[in-house]
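Trainee: I would like to go through the labels attached to this model and check each against its criterion. Can we do that one by one?

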Amino acid sequence: MNSWTGLPIVIFGTGGCAKEIKALIDEINGLMYQTIYNLIGFITNDKSEVGKKIEEVEIVCTNDEFQFLCRDFPFMGVVIGLADPFSKKKIRKNIEDMKVSNIVFPNLIHPLANLSQSINNKMGFGNVICSGVNMTVNINLGNFILLNRSCNIGHDVTIGDFCTINPSAIISGNVNIGELTLIGAGASIKEKISIGKNSKVGLGAIVVKDVYDSTTVISVAAREMDK
Ligand SMILES: CC(C)(COP(=O)(O)OP(=O)(O)OC[C@H]1O[C@@H](n2cnc3c(N)ncnc32)[C@H](O)[C@@H]1OP(=O)(O)O)[C@@H](O)C(=O)NCCC(=O)NCCS
């Protein structure tokens, strides 16, 4: 008898991104015709939310209580359902500090993401790859990266830990993006550009020059945003 009931998994976060990740999990299970992930619930940083439901799924506990929840399961999958890179890093650190040994950070990949050319690509853990994402060749992804719907990642691209690439962004070939950087929806990055760590590219920006660390750029052609 097959007793597989899916990897138990929780989503850290209760906002829009967390809801989208719930939908992603539902779609993975639906399109694969089996329970790949068994969603246990959402984890919140707001005690007053515990016990409430998001689309029929319970907010099961606070971040601090999560380590106790893990005792009830042989393995516990975690996905960080937040778009802000610094918030993702903070949650990752909190979880690490709990020193719970049965936690895994799967890469959640929508079956309709096009990774068909990606035989030489590398990927860490805890990444989320949404439907309609296109990835070509020699791409190096770190950990806890969100590639939101329909973004395009060209050849020889490197993306650092905790980055968020918002919907429909276009990352051309030979681009390097440092850790903790946000690329806004619909932004386009010209080939061979380096984008520093802790930076932000505004939605709709066209980036044709390198972006320094900890810098926000906007507009066409992208320029540094006034401070
Ligand atoms: C660039 C960005 C990071 C700046 O955020 P912020 O520091 O909070 O700045 P604000 O939103 O306060 O905007 C500051 C100024 O820049 C302008 N601005 C902000 N984003 C802009 C953009 N993408 N293009 C052009 N101008 C922009 C604002 O109109 C404002 O101008 P003002 O001072 O004349 O009123 C943010 O606006 C952005 O584009 N984030 C990505 C959003 C996204 O991808 N959304 C999709 C989610 S799925």
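Predicted model: local features only at pLDDT ≥ 70, side-chain atom pairs only at ≥ 80, totals over all residues.

Trainee: Why is Phe144 called buried?

Mentor: A residue is called buried if 20 or more other C-beta atoms lie within 10 Å of its own. Phe144 has 26 C-beta neighbours inside 10 Å, so Phe144 counts as buried. Phe144 is found in the loop between β11 and β12 (146-147).

Trainee: What makes the phi of Phe144 worth a remark?

Mentor: Phe144 is not a glycine, yet its phi is positive, about 60 degrees. Asn138 also has a positive phi in a residue other than glycine, near 55 degrees.

Trainee: How do you know which class Thr215 belongs to?

Mentor: By the count: Thr215 has 17 C-beta neighbours inside 10 Å, so Thr215 counts as partly exposed. Thr215 lies in the loop between β22 (206-207) and β23.

Trainee: What does Thr215 touch, apart from residues up to four places away in sequence?

Mentor: Thr215 touches Gly196, Ser199 and Glu224. A contact requires C-beta atoms within 7 Å. As for Val201, 14 residues from Thr215 along the chain, the C-alpha atoms of the two are separated by 8.4 Å.

Trainee: Which peptide bond is cis, and what is its omega?

Mentor: The cis peptide bond joins Val220 and Ala221, with omega about -20 degrees. Ala221 is found in the loop between β23 (216-218) and β24 (223-224).

Trainee: What makes β7 (108-109) and β24 edge strands?

Mentor: Each of β7 and β24 pairs on one side only. The open sheet has eight strands in the order β7-β9-β12-β15-β18-β21-β23-β24, with mixed pairing.

Trainee: Which residues come nearest to the ligand, and how does its shell divide by class?

Mentor: Of the 13 residues around the ligand, the nearest are Asn166, Gly184, Ala185, Gly202 and Leu203. The shell has six nonpolar, six polar and one charged residues. Gly counts as polar in this scheme.

Trainee: How is the chain divided into domains, and how many residues does each give to the contact?

Mentor: Domain 1 covers 7-104 and domain 2 covers 107-215. Their centres, taken over C-alpha atoms, are 23 Å apart. The contact takes 15 residues from domain 1 and 15 residues from domain 2.

Trainee: Which elements supply the side of domain 1 that touches domain 2, and which gives the most?

Mentor: α1 (16-31), β5 (76-80) and α3 (85-98) each supply at least two residues. α1 gives the most, with six residues. By class, that side of domain 1 divides into 11 nonpolar, no polar and four charged residues.

Notes: Residues numbered from 1 in each chain as written. Helix = DSSP H or I, 4+ residues; strand = E, 2+ residues; numbered from the N terminus. Buried ≥ 20, exposed ≤ 12 C-beta atoms within 10 Å, placed from the backbone. Pairing = 2+ DSSP bridges. Near = placed C-beta within 6 Å. Contact = placed C-beta atoms within 7 Å. Domains from an automatic or database assignment.
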